Amino acid sequence: FRVVASSAGGTILGDDMSFVTTPESPVYMSSVIEDATPTWLEMEYNMILANIIPATSAFTVFVNGGGNPVSNVAISGTKVQLTLTSPVIYGDAITVSYTQPVSNPIQTPSGTKAATITNQPVVNNTIGLPLIITTAISYISVLSANSGGEIIDNGGGTITGKGVCWSTNPNLTASSGSPFPS
């Protein structure tokens, strides 16, 4: 382009100028592990990525401070999908790091590379069993007894029923005992 300046005294034409814009780099946004896929860590970027697969060694995943090696890497759209060697469980604290490798880095279709990230927290959406504390059975008689309990952690899921199940059968299960309120 050319800069032009005009005034009552005339017009001045400046030199021809050009500029180059640098393509935008993909930016890491977040990571998550869902309950249905506890060995699959999904990293989200802000733009479409090229289907150029980095080596598994470019990624480091820590679960509760210990390593959980990556066994496979896939890229689809804006997501980098890591397959972990071991599944995570409810309550695990997870971080992910990516070190930009010399060959096959995460990049856009135009070749702009994603930056290295270090120890980014991963949202853990896995669900575990609820944690309950039961109260001791007391006031036991031929016809009754007192007991109860408290749910202190829902395991990351929704509690769909709760109560006390009882039976005179020593091999009690929830389905073989008396119905409990929900």
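The model is predicted, so local features need pLDDT of at least 70 and side-chain atom pairs count only at pLDDT 80 or more, while totals for chains, interfaces and linings use all residues. Residues are numbered from 1 along each chain as its sequence is written, and side-chain values use heavy atoms, with hydrogens and water left out.

The protein has zero helices and 12 strands. Helices (H or I, at least four residues) and strands (E, at least two) are DSSP runs, numbered from the N terminus. From that end, the order of elements is β-β-β-β-β-β-β-β-β-β-β-β. The protein has 182 residues, and 26% of them count as buried. Buried means under 20% relative accessible area, exposed means over 50%, and partly exposed lies in between (1.4 Å probe, protein chains only). A contact means heavy atoms within 4.5 Å. Among contacts between residues at least 6 apart in sequence, 49% join residues at least 24 apart.

Aromatic rings come next. A pair of aromatic rings is described by the distance of the centres and the angle of the planes. Rings of Phe, Tyr and Trp (its six-membered ring) pair if their centres lie within 6.5 Å; planes under 30 degrees apart count as stacked, over 60 as edge-to-face and the rest as tilted. The count by this rule is two aromatic pairs. Tyr28 and Tyr45 form an edge-to-face pair, with 5.9 Å from centre to centre and 75° between the planes. This pair links distant parts of the chain: Tyr28 is in strand 3 (residues 28-34), Tyr45 is in strand 4 (residues 40-45), and they are 17 residues apart. Tyr28 counts as buried because its relative accessibility is 13%. Tyr45 is also buried, with a relative accessible area of 2%. The other pair is Phe59 with Tyr98: the ring centres are 5.2 Å apart and the planes are at 35°, so the pair is tilted. It too links distant parts of the chain, with Phe59 in strand 5 (residues 59-63) and Tyr98 in strand 9 (residues 94-98), 39 residues apart. Both Phe59 and Tyr98 are buried.

Glu44 lies in strand 4. Its relative accessibility is 22%, so Glu44 counts as partly exposed. Glu44 and Tyr28 are 16 residues apart in sequence, and their C-alpha atoms are 6.2 Å apart in space. Not counting residues up to four places away in sequence, Glu44 touches Val27, Tyr28, Met29, Ser30, Thr78 and Lys79. The side chains of Glu44 and Thr78 are joined by a polar contact of 2.7 Å. A polar contact is a pair of N or O atoms within 3.5 Å; within protein, one must be able to donate a hydrogen and the other to accept it, and residues adjacent in sequence count only if both atoms are side-chain atoms.

Asn68 sits in the loop between strand 6 (66-67) and strand 7 (70-76). Asn68 is buried, because its relative accessible area is 5%. A polar atom of the Asn68 side chain lies 3.3 Å from the backbone nitrogen of Thr85. The Asn68 side chain also reaches the backbone oxygen of Ser86, at 2.8 Å. Beyond its neighbours within four places in sequence, Asn68 is in contact with Val61, Val63, Leu84, Thr85, Ser86 and Val88.

Ser97 is in strand 9. Its relative accessible area is 9%, so Ser97 is buried. The side chain of Ser97 reaches the backbone nitrogen of Asn119 at 2.7 Å. Asn119 itself is in strand 10 (residues 117-125). At 43% relative accessibility, Asn119 counts as partly exposed. Phi of Asn119 is near 45°, a positive value in a residue other than glycine. Asn64, in the loop between strand 5 and strand 6, also has a positive phi, near 55°.
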